[in-house]
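Me: I have a model open and want to talk through how it is put together. Can you take my questions as they come?

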Amino acid sequence: MTAALSPLRGLTESEAQQRRQRGEGNDLKLETSRSYADILRANVLNIMNIILFAIGAVMIAIGRPGEAFTSVGLIVLNVVIGIYQEIRAKRQLDEIALLTRPKISVIRDGQEKTVDPTELVKGDLIVIRAGDQIVVDGKIVGDGRIDVDESLLTGEADLIAKTGGSEVLSGSFCVTGTAMYEATNVGAESFANKLTANARKFRMVKTPLQSEVNFVLRLIMLIAGFIGFLLLIGSILSSVPFMRQVQTVAVVAGLVPNGLFFMVVLAYAMGAVRIVQRGALVQQTNAVESLSNVTVLCMDKTGTLTANRINYNAVHPISLSTAELERILGDFAASASANNKTGEAILNALKGTKRNTVDEVAFSSARKWSALAVDDPQMRGIYVLGALEMLQNHLQLDGEAQQQLQTWSDDGLRVLVFGHNPDVLMLHNAEGQPTLPPLTALGVISFSDELRPQLKETLAGFLNNGITLKVISGDNPQTVAALAKQAGFPGDLKYVSGTELDSMDDGLFSQVAAETTVFGRITPQQKERLVESLRGLGHYVAMIGDGVNDVLSLKKANMGIAMQSGSAATRAVADMILLQDSFGALPPAFTEGQRIVNGMSDILRLFLTRVLYVALLILAVSMIGLGFPFVPKHVSLLVLLTVGIPTFGLAVWARPGVSARRSLISEVLHFVIPAGISVFFFGLLVYVAALYLNVMGMVDLQINPQDIADFQKYTGINYDISAPEQYVLEVSQLVAQTALTVFTLFSGLLLVVYVEPPTEFFVGGDKLSGDRRPTIMAGVMLILYFIIAAFEPLRRFFELIALPLWAYLAIAGVTFIWFFVLRRAWRKRWLQRFLEVDIPA
């Protein structure tokens with residue numbers, strides 16, 4: 001600690017404790033990620049889970065644990081995977097926050113000690129040195145001087161000099177120098193916390209896929225509720241046994257494709273696992289898929305496009321040699337008491353010798369120049385480095401220098417001018433204000449901002465996919481536009497400043513937001529408004545940022561992406577965090593998103609088709625008074641073999657690429673309705689025929705009590721069926737249900753082939769895929785069913801009747817006819833022609 005700082009004694013521990021008790025402590029706890037309670041609540045407590053858990057509990061209560069397991073097991077697995085993935089992301093985020101958590105040097109009882117930020121109180125005297133984070137607001141006291149980087153707050157990369165009486169803001173960093181400051185605003189009152197106050201609550205933004213799935217599920221829940229209510233009333237009026245009532249409710253509840261929940265979660269989890277290996281941490285499970293829907297990608301400049309580092313590029317000397325100019329520049333940078341990033345770039349490239357300095361004006365973002373007064377045998381006079389627009393009243397450039405300056409500017413480089421006056425050694429007037437004499441131009445110097453690794457390739461990939469790119473920064477709009485060109489933005493870039501935006505009404509603001517590429521001198525509130533405006537125009541907006549000034553806009557966007565090195569508040573609200581600040585993770589994340597969307601398109605069609613034909617069969621069989629078409633275990637078996645395991649394969653094997661996916665209505669009209677209605681029609685024929693033939697075949701049988709007892713034990717029936725006609729109906733109904741299960745299994749597996757046609761022969765519901773893996777998997781599922789049907793313990797568990805060979809052949813024949821009828825319906829577009837609508841095939 002410098003001698004100038006030592007007389008300041010700070011608070012005593014007793015005073016600090018008293019202030020903490022008065023509520024003046026820095027006690028605000030900011031979440032670095034979602035809480036465990038939030039994760040559990042989001043994954044467990046939804047209406048469908050509650051309904052199915054309740055049905056499972058009732059089944060256990062009436063002695064049907066097997067059916068409870070088959071009805072609720074998939075939901076439990078869904079919940080476990082979702083919770084595991086999000087807790088995994090939470091722990092990684094918390095580890096990052098812990099590693100980046102600062103330690104604070106504070107003066108207590110006249111002694112310097114290190115404390116956690118939460119131990120600070122209002123009035124504490126805090127020591128700040130180069131590299132330290134400023135964690136609470138305050139004012140510089142004493143004679144110290146520091147240069148502060150406020151880019152996380154303002155978006156501007158330039159350093160701000162702070163001396164006695166200057167205000168410092170939480171969220172900024174000390175780059176050079178040493179000073180003390182007194183804490184004035186702590187906890188919720190600090191600048192950074194006020195800025196992020198509206199962004200602390202967890203938000204869940206549904207992707208288009210999730211919105212479609214959510215709509216489908218709610219619609220099906222409504223339909224299932226209506227069907228279930230009617231059937232329940234009918235069952236009560238008809239004195240249907242309670243066990244059958246519960247089974248009916250379970251089957252109807254099974255109309256809601258809870259497996260679709262599972263497949264969405266599983267697809268997201270697989271995408272998250274793949275992408276974390278490429279350098280991106282997914283905090284929200286839908287983030288990978290969300291990225292594939294982006295139409296506008298907004299990004300900050302400092303720390304996002306750039307690595308917040310500047311590199312020396314070249315000089316254009318005036319009236320002296322290049323070597324001489326570079327020597328003077330190097331000495332200038334070496335002689336400064338504190339360098340900003342520009343000075344560091346010069347020093348790194350040109351080295352230099354420290355000269356005797358008698359006066360100095362440090363760089364500030366307001367002046368945009370720095371100056372030294374040097375009195376040394378090798379270097380004498382005033383030397384000034386700064387922006388031409390701020391020095392043009394003090395020096396003149398010749399035509400060649402102006403042309404070079406314009407050329408470098410057009411190439412996206414930062415350009416400064418270097419001037420000299422050998423006769424003056426004073427940089428301050430009598431009032432102590434900085435002043436400059438007339439200068440002679442020594443040269444023009446160019447610098448390049450160091451872009452993030454893989455930035456150009458990433459941005460080019462987004463542009464090739466039709467995504468609009470925009471830069472929203474706190475820096476000068478012309479500087480930002482130049483950098484955007486350097487980063488690979490095409491064309492003549494339109495730019496606008498925050499001051500200009502402030503004068504616009506809502507209509508003009510939205511128009512400018514849509515048409516402009518670069519936005520400079522933008523406040524955090526304006527960033528948020530720009531994102532909101534773009535969303536209002538129908539765009540799916542992603543925002544990439546790293547600073548506290550980006551928090552509001554990240555939360556307002558459809559998808560927020562943060563840098564690992566950014567502020568904790570930014571990481572906490574982001575959907576995806578780029579580990580090691582690497583843009584290289586974004587292209588594979590985009591590809592994964594496409595893979596998820598393409599795979600879920602096939603999965604959604606299979607689930608919707610199943611829901612349609614099962615609902616129609618329930619209504620038809622119940623209306624014509626022929627019992628009920630399914631028992632819960634049959635439904636569970638069908639779900640497992642026709643949409644459970646197969647859709648898992650479709651999710652794993654889904655291919656990336658721009659999807660030609662239709663809208664939900666188009667999918668339903670083209671694929672789902674023809675497939676669902678045809679399965680229903682042929683399935684109803686199979687059920688009625690099997691029921692009728694079995695009843696006719698059993699009429700003359702002698703039925704004894706042992707046969708009835710064996711059947712009750714086999715099926716788990718807990719009500720009386722001792723009357724011969726009741727026994728015949730129960731047996732015949734189970735035979736018909738088994739036959740229907742076989743047919744819907746055959747047709748369901750062929751639908752798996754139809755959604756990914758391996759050859760032209762199967763093309764009808766979708767375009768040629770050429771992928772034979774789904775077809776092979778469908779064959780494996782068929783073999784698995786026959787193993788279950790042949791192995792009595794498994795057959796008994798699923799309550800299947802052993803059908804004779806001729807029955808299987810007859811059902812296969814019906815399936816064969818159904819296959820060609822459906823293929824022709826798709827190819828000849830029967831439904832579209834009947835409805836007189838034009839839906840692309």
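Me: What share of the contacts with a separation of 6 or more comes from residues 24 or more positions apart?
Reply: That share is 72% in this protein, with contact meaning heavy atoms within 4.5 Å. This is a predicted model, in which local features need pLDDT of at least 70 and side-chain atom pairs count only at pLDDT 80 or more, while totals for chains, interfaces and linings use all residues. Residues are numbered from 1 along each chain as its sequence is written, and side-chain values use heavy atoms, with hydrogens and water left out.

Me: How many helices and strands does the protein have?
Reply: The protein has 31 helices and 21 strands. Both are DSSP runs numbered from the N terminus: helices are H or I with at least four residues, strands are E with at least two.

Me: And what percentage of the residues is buried?
Reply: Of the 841 residues, 56% are buried. Buried means under 20% relative accessible area, exposed means over 50%, and partly exposed is in between, with a 1.4 Å probe and protein chains only.

Me: Sheet next. What is the strand order in the open sheet of eight strands?
Reply: The order is E8-E21-E20-E19-E9-E16-E18-E17, and the pairing is mixed. Two strands pair if DSSP finds at least two bridges between them.

Me: Which strands stand at the edges?
Reply: Strands E8 (280–282) and E17 (495–497) do; each has a single partner strand, so one side of each is left without a neighbour in the sheet. From one strand to the next, the twist averages 20°. E17 pairs with E18 (residues 518–520) in the parallel sense over three bridges, and serine 497 stands opposite glycine 520 in E18.

Me: Which strands does helix H20 touch?
Reply: H20 (residues 524–536) packs on the sheet and touches E9, E16, E18 and E19. The direction of H20 makes about 160° with that of E19. Angles run from 0 to 180 degrees between N-to-C directions, and axes are lines fitted to C-alpha atoms, for helices over the stretch in contact.

Me: What stands opposite valine 296?
Reply: Valine 541 in E19, and threonine 468 in E16. E9 pairs in the parallel sense over four bridges with E19 (residues 541–545), and also over four bridges, in the parallel sense, with E16 (residues 468–472).

Me: Helix packing now. At what angle do H12 and H13 pack?
Reply: H12 (residues 322–335) and H13 (residues 341–350) pack at about 125°, with their axes 9 Å apart. That makes H12 oblique to H13. Angles under 35 degrees count as roughly parallel, over 145 as roughly antiparallel, 65 to 115 as roughly perpendicular and the rest as oblique.

Me: Which residues make the contact?
Reply: H12 contributes Glu326, Leu329, Gly330, Ala333 and Ala334, and H13 contributes Gly343, Ile346, Leu347 and Leu350. By class, there are six nonpolar, two polar and one charged residues. Ala, Val, Leu, Ile, Met, Phe, Trp, Tyr, Cys and Pro count as nonpolar, Asp, Glu, Lys and Arg as charged, and the others, Gly among them, as polar.

Me: Which residues of H13 are buried?
Reply: Lys341, Thr342, Gly343, Ala345, Ile346 and Leu350. Just after H13, lysine 351 takes a positive phi of about 60°.

Me: How do H7 and H23 cross?
Reply: The axes of H7 (residues 208–237) and H23 (residues 586–623) come within 12 Å and cross at roughly 10°. That makes H7 roughly parallel to H23. The contact includes Leu209, Glu212 and Val213 of H7 and Ile596, Met600 and Ser622 of H23, among others. Its residues divide into 14 nonpolar, one polar and one charged.

Me: Is methionine 623 buried or exposed?
Reply: Methionine 623, which lies in H23, counts as exposed at 69% relative accessibility. Its C-alpha atom is separated by 9.8 Å from that of leucine 231, 392 residues apart along the chain.

Me: Last one: where does glutamine 580 lie?
Reply: Glutamine 580 lies in the loop between E21 (576–578) and H23. Glutamine 580 has a positive phi of about 60° although it is not a glycine, and counts as exposed at 67% relative accessibility.
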